[in-house]
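Good morning, colleagues. Please look at the model on the screen while I take you through its surface, its fold and its pocket.

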Amino acid sequence: MKAKLTLFLVSCFLFIDSSAQCAMCRAVLESEEGKGVSQGINDGIVYLMLIPYILVGGVAYLIYRKYNTLKK
């Protein structure tokens with residue numbers, strides 16, 4: 001179980017440096033001179049995208065653990 005959790009966390013952190021902007025946001029932000037704003041928007045999108053997956057994963061784990069303990 002520990003190995004699966006470690007693999008899951010490592011795979012989540014490998015995707016942190018992804019480009020999450022839509023085509024319109026990318027076009028507007030690339031036309032500006034400041035690349036820091038673009039990276040900040042990108043990090044914010046990834047952060048907002050990650051929170052629901054963590055919550056759903058946590059609920060799924062709790063349900064799995066509850067059903068697993070009922071069988072024993």
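Predicted model: local features only at pLDDT ≥ 70, side-chain atom pairs only at ≥ 80, totals over all residues.

**A nonpolar patch and its surroundings**

On the surface, Tyr47, Leu48, Ile51, Ile54 and Leu55 form a nonpolar patch, and together these residues have about 540 Å² of accessible area. Accessible areas here come from the Shrake-Rupley method with a 1.4 Å probe, and for residues only the protein chains shown count as cover. A patch takes residues with over 30% relative accessible area and no salt bridge, joining like charges within 9 Å and nonpolar side chains (Val, Leu, Ile, Met, Phe, Trp, Tyr) within 5 Å. The salt bridge in that rule is a side-chain nitrogen of Lys or Arg within 4 Å of a carboxyl oxygen of Asp or Glu.

Residues are numbered from 1 along each chain as its sequence is written, and side-chain values use heavy atoms, with hydrogens and water left out.

Turning to the fold, the protein has three helices and zero strands, in the order α-α-α along the sequence. Helices (H or I, at least four residues) and strands (E, at least two) are DSSP runs, numbered from the N terminus. Of the 72 residues, 7% are buried; buried means under 20% relative accessible area, exposed over 50%, and partly exposed in between (1.4 Å probe, protein chains only). The protein exposes about 6400 Å², 71% of which is supplied by carbon and sulfur atoms.

Leu55 counts as exposed because its relative accessible area is 56%.

Cys12 is found in helix 1 and is partly exposed, at 23% relative accessibility. Its C-alpha lies 8.7 Å from that of Leu50, 38 residues away in sequence. Cys22 lies in the loop between helix 1 (2–14) and helix 2 (23–31). At 40% relative accessibility, Cys22 is also partly exposed, and 9.8 Å separates its C-alpha atom from that of Asn42, 20 residues apart along the chain.

Finally, which residues lie nearest the centre of the largest pocket? They are Leu5, Phe8, Leu9, Gly57 and Tyr61, among 14 lining residues. Helix 1 and helix 3 are the elements that give two or more residues to this lining, and helix 3 gives the largest share, seven residues.

Notes: 1 Å grid on protein atoms, 1.4 Å probe; cavity = no way out; pocket = protein on both sides within 12 Å on 5 of 7 lines; lining within 4 Å.
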